Amino acid sequence: MTTSEEITCEIRTQARELLASGRVSCVIGYEMGFRGRARPAFIHDADDVERLIWGPDCVHNLTVYLHDFKKPRKRGEEPPCVAVVVKPCDSRAVNVLLAEQQIERERVFVIGVACEGVHDETGEPAARCARCDDRLPVVYDVLLGKPPEVSPAGDDYADLTRIEEMEPAERLAFWLREFDRCIRCYACRQVCPGCYCTTCMFERDDGLWVDIGIEVPQKHMFHLGRALHLAGRCMECNECERVCPMGLPLSLLNRHLTREVETLFGYRAGQEAALSPLLFELGEEGSPI
Amino acid sequence: MRFTTLNELRAWLDRLAQEHDLIAPRDVDGHVLYRPVASDDEILFDYERPELSAKDYLLPSTEILLRVEKRGSEVTLEEALPDRRQVLFGIRPCDAHGLVVLDALFLEQDPPDLYYRHHRERTTLVGLACPQMWEGCFCTSMGGAPDDPTHLDVLLKPVDGGYAVEPVTGKGMALLEGLALEEREGKPLPVVADAELVPVTPPEKWRALFEDQMWMRHGERCLSCRICAYVCPTCRCFDVTDRVVEERAGVTRIECIRVWDACTSTNYRRVAGGHNPRPTKPERLRNRFYCKFCYYPEDFGPLGCVGCGRCIVSCPVGIDITEVLHDVAERSGG
């Protein structure tokens with residue numbers, strides 16, 4: 001077990017070296033926000049590394065920002081190299097993005113941090129951490145901290161089982177009631193490392209699938225469509241649920257599909273840098289796949 | 001002061017709900033929201049700042065502007081203006097202030113926005129003073145106060161045993177007929193509003209900071225979502241589209257709708273041909289703040305912010321409008 005202060009120190013040391021040597025042009029980590037809560041930080045200069053921190057409120061999955069570094073800063077240049085601080089759940093997104101050829105391994109320096117779980121705004125363990133038993137990142141260039149000695153929890157899917165046991169009409173009513181609160185702010189999509197389509201199918205000018213209305217049918221379609229597009233790709237960082245200003249229990253949709261994929265394919269997104277078999281694998285005749 | 005008890009207030013609201021669309025703070029699955037209520041039982045009287053502003057009832061998140069029906073070669077158009085009167089009860093003073101900011105664009109320009117005006121004329125605002133300032137609140141920096149009656153038709157303030165009732169406009173006075181009021185000695189104490197004041201830099205000083213590095217620093221972490229604009233009482237951008245709602249032999253029915261939009265979203269500013277003049281997050285976030293503190297006051301009068309603090313508490317990545325205001329003040333010499 002390593003303290004937050006020790007890890008903060010190590011992150012700063014790493015960042016200073018990476019920036020001073022020119023290995024990366026930016027380190028994406030955490031800093032203390034204006035009101036005393038951690039928030040994403042972008043360090044471009046070795047002199048600024050003291051802004052970086054580590055602590056139990058470093059909830060954000062910073063890999064979503066890797067999409068901002070995919071293009072060259074100037075025409076004719078190579079895309080920039082960048083370092084990113086990841087927790088175990090976040091690190092799975094790195095593998096998903098590598099497999100989907102969104103990032104190049106040599107352009108992303110992964111600062112992995114051993115994790116004993118992070119806290120939500122009330123100081124309670126974050127929802128995702130209560131059901132997570134990953135303590136070490138699955139991909140990293142440097143690993144900071146030692147695996148903490150906390151008993152792995154694992155996901156017992158108790159909340160999901162309650163929904164799945166509902167009669168279809170009851171379950172539909174449950175979801176329509178939830179979708180009714182949605183304000184279609186797209187925060188769930190924008191925070192998701194796996195949602196990077198240039199034009200989201202739910203935001204097409206021609207309204208081919210849904211129009212722009214902020215009403216229950218469009219919101220219903222959006223959330224179910226997004227969940228399906230993440231089937232076998234969602235790495236369970238649960239950022240969508242964390243950022244939702246209306247408290248929609250979006251993890252119930254994603255974890256339902258995660259469990260299906262794991263049962264049918266024995267596959268968990270992002271454990272390795274390999275594409276989800278969901279769209280490519282056909283089973284033998286009579287198999288459930 | 002004029003005084004009423006909670007029981008009298010409830011009875012009055014229950015009657016109002018029969019004659020009007022009554023919108024009031026309600027517990028919606030653990031979230032405090034302004035929502036239509038059918039009776040006084042559903043209304044919250046002790047609540048913090050509702051999570052969304054009240055603008056949805058004057059500028060609906062989705063509004064049908066026009067219904068179009070095409071039968072063969074014959075086309076009929078129908079304006080979709082519901083003839084309903086609504087009372088917004090329990091609206092916080094900052095949310096009423098937000099509506100006055102919207103008025104500057106939608107009512108006080110020529111021509112006014114007919115849809116907004118239609119809703120506004122049919123709306124009465126019965127405010128309930130905040131007993132304190134909540135997390136993120138900075139209304140006192142934006143010319144408001146937790147118990148500011150200015151933009152309301154009626155202001156209620158919790159006092160011992162009930163509420164002090166202050167009619168502000170004739171419209172409010174008329175609505176109060178039917179509420180049992182008694183005269184009492186004294187007047188309610190002002191609400192303690194001790195939040196630190198946030199410096200607001202005048203519009204003309206913003207111009208020089210357009211290329212400042214601070215916009216990169218704040219904007220890099222922006223997710224390009226729309227939370228800040230959609231929780232905001234004064235953000236008012238919208239998109240308009242036509243949607244086909246029915247198509248069968250010889251008959252096509254189309255609705256022209258207007259829907260909230262947000263300048264932080266990636267394609268907000270994209271024009272024909274695909275060019276996007278604000279392609280990066282820092283440029284878009286900068287526009288959000290320039291709109292509120294430079295363009296809107298210059299073009300329409302009021303500042304585009306009332307200090308409700310919702311964008312601060314709901315931003316998932318810690319972008320803080322008061323931090324931006326401090327930075328701007330510091331860079332422009334206070």
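Guide: A residue counts as buried under 20% relative accessible area, as exposed over 50% and as partly exposed in between, with a 1.4 Å probe and protein chains only. The structure is a predicted model, in which local features need pLDDT of at least 70 and side-chain atom pairs count only at pLDDT 80 or more, while totals for chains, interfaces and linings use all residues. Residues are numbered from 1 along each chain as its sequence is written, chains are lettered from A and ligands numbered from 1 in the order in which they are written, and side-chain values use heavy atoms, with hydrogens and water left out.

Visitor: Why does Pro190(B) count as exposed?

Guide: Pro190(B) has a relative accessibility of 65%, and exposed means over 50%, so Pro190(B) counts as exposed. Pro190(B) lies in the loop between β10 (182–183) and α5 (203–206) of chain B, where helices (H or I, at least four residues) and strands (E, at least two) are DSSP runs numbered from the N terminus.

Visitor: What is Pro190(B) in contact with, leaving aside its neighbours within four places in sequence?

Guide: Contact means heavy atoms within 4.5 Å, and on that basis Pro190(B) is in contact with Asp147(B) and Lys157(B). The C-alpha atoms of Pro190(B) and Leu33(B), 157 residues apart along the chain, are separated by 26 Å.

Visitor: Why is the pair of Phe174(A) and Trp175(A) called edge-to-face?

Guide: A pair of aromatic rings is described by the distance of the centres and the angle of the planes. Rings of Phe, Tyr and Trp (its six-membered ring) pair if their centres lie within 6.5 Å, with planes under 30 degrees apart counted as stacked, over 60 as edge-to-face and the rest as tilted. The centres of Phe174(A) and Trp175(A) are 5.1 Å apart and their planes stand at 80°, so the pair is edge-to-face. Trp175(A) is also buried, at a relative accessible area of 10%.

Visitor: What makes Tyr186(A) and Phe222(A) an aromatic pair?

Guide: Their rings are 5.2 Å centre to centre, with 80° between the planes, and the pair is edge-to-face. The pair links distant parts of the chain, 36 residues apart, with Tyr186(A) in the loop between α5 (168–181) and α6 (187–190) of chain A and Phe222(A) in helix α7 of chain A.

Visitor: Why does Tyr186(A) count as buried?

Guide: The relative accessibility of Tyr186(A) is 4%, and buried means under 20%, so Tyr186(A) counts as buried. Phe222(A) is buried too.

Visitor: How do you know whether Tyr157(A) counts as buried or exposed?

Guide: At 13% relative accessibility, Tyr157(A) counts as buried, because buried means under 20%.

Visitor: What is the peptide bond from Asp110(B) to Pro111(B), cis or trans?

Guide: The bond is cis, with omega near 0°, and Pro111(B) belongs to the loop between α2 (93–106) and α3 (114–121) of chain B.
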